[in-house]
Amino acid sequence: MKIAGILALLLALLLPGMALAQGAAAPSPPPPAGQTQPQGQQTLAFPDLESLIPEGQGSATGRIIQVLLAVTVLSIAPGLLMMVTCFTRFAIALSFLRTGMGLQTTPANLVLVSLALFMTFYVMAPTFDKAWRDGIRPLMENQISEQEAITKAAAPFRTFMRANVRDKDLQLFEDMARERFAISGEPVATDEVEMRVLIPAFMISELRRGFEIGFLIVLPFLVIDLIIATLTMSMGMMMLPPTVISLPFKVLFFVLIDGWNLLVGGLMRSFA
């Protein structure tokens with residue numbers, strides 16, 4: 001009975017709307033010759049598909065696919081930012097810093113991500129400027145085609161990744177590409193390395209360097225923890241967690257050596 005009542009209520013709500021939609025969609029007949037159409041009555045004209053999509057090369061279906069691809073790329077823009085820029089190294093290093101100091105929520109994730117993001121913009125500024133100048137702006141001014149714009153905009157990022165990728169990681173993915181994609185076994189030039197080979201090699205190189213920097217960051221804090229733990233054990237305070245006492249000393253140590261200046265400056269100078 002409850003299900004029947006719910007269905008009846010839904011039908012009562014939907015039927016008037018369907019009737020109104022059919023009435024609005026039905027075109028009114030043209031007025032007889034010599035008569036004008038009364039004010040307040042307008043015929044509905046459905047727009048052509050060509051007028052609903054942006055102008056460009058190819059058919060209407062091809063341009064719809066281009067729009068869908070553009071929307072998809074915009075939705076994964078944060079992932080692209082992490083894949084082809086130095087954001088990964090900065091985020092990992094800052095996370096190791098917070099973990100090494102024993103702070104769970106200070107600085108907050110939003111603060112660390114924002115700092116890593118602005119550091120990324122600072123390091124990648126020449127690359128962004130060249131991609132805008134050579135690829136995006138000429139495309140917006142209809143000076144080059146879309147395919148040429150993509151090639152020219154990707155060239156600065158390719159140069160940046162090639163300068164910061166480890167040869168061992170690049171060789172790994174080149175060998176896998178030869179096995180899976182039947183790519184020629186001859187070595188390729190810097191500008192001819194495919195993005196599907198260069199991007200994953202660059203990402204694992206950044207992960208390795210991020211963990212190396214994280215180890216150097218955590219090491220002095222670990223020494224402080226060991227000293228405090230030894231002192232508390234020698235004093236017989238076995239039930240007192242050493243991290244409770246070492247936290248103020250680690251914060252004081254980081255502030256006295258001007259840690260933020262040293263860390264941020266070292267991270268930004270670590271890129272070629």
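Is Phe128 buried, partly exposed or exposed, and what is its relative accessible area? Phe128 is partly exposed, with a relative accessible area of 26% (buried means under 20%, exposed over 50% and partly exposed in between, for a 1.4 Å probe and protein chains only). The model is predicted, with local features needing pLDDT of at least 70 and side-chain atom pairs counting only at pLDDT 80 or more, whereas totals for chains, interfaces and linings use all residues. Residues are numbered from 1 along each chain as its sequence is written, and side-chain values use heavy atoms, with hydrogens and water left out.

**View 1. The ring pair of Phe90 and Phe271.** The structure holds 10 aromatic pairs (rings of Phe, Tyr and Trp, the latter by its six-membered ring, with centres within 6.5 Å; planes under 30 degrees apart are stacked, over 60 edge-to-face and the rest tilted). The centres of Phe90 and Phe271 lie 5.6 Å apart with planes at 80°, so this pair is edge-to-face. Phe90 belongs to helix α4 (residues 87-101) and Phe271 to the segment after α11 (259-269), 181 residues apart (helices are DSSP runs of H or I, at least four residues, numbered from the N terminus). Both residues, Phe90 and Phe271, are buried.

**View 2. The ring pair of Phe128 and Phe157.** Here the centres are 5.8 Å apart and the planes at 55°, so the pair of Phe128 and Phe157 is tilted. It links helix α6 (residues 125-140), which holds Phe128, with helix α7 (residues 146-164), which holds Phe157, 29 residues apart. Phe157 is buried, with a relative accessible area of 16%.

**View 3. The surroundings of Phe271.** Ring pairs join Phe271 with Phe90, Phe160 and Phe202 in a cluster. Arg89 lies over the face of Phe271, 3.9 Å from the ring centre (NZ of Lys or CZ of Arg within 6 Å of the centre and within 35 degrees of the ring normal).

Note on methods:
Helix = DSSP H or I, 4+ residues; strand = E, 2+ residues; numbered from the N terminus.
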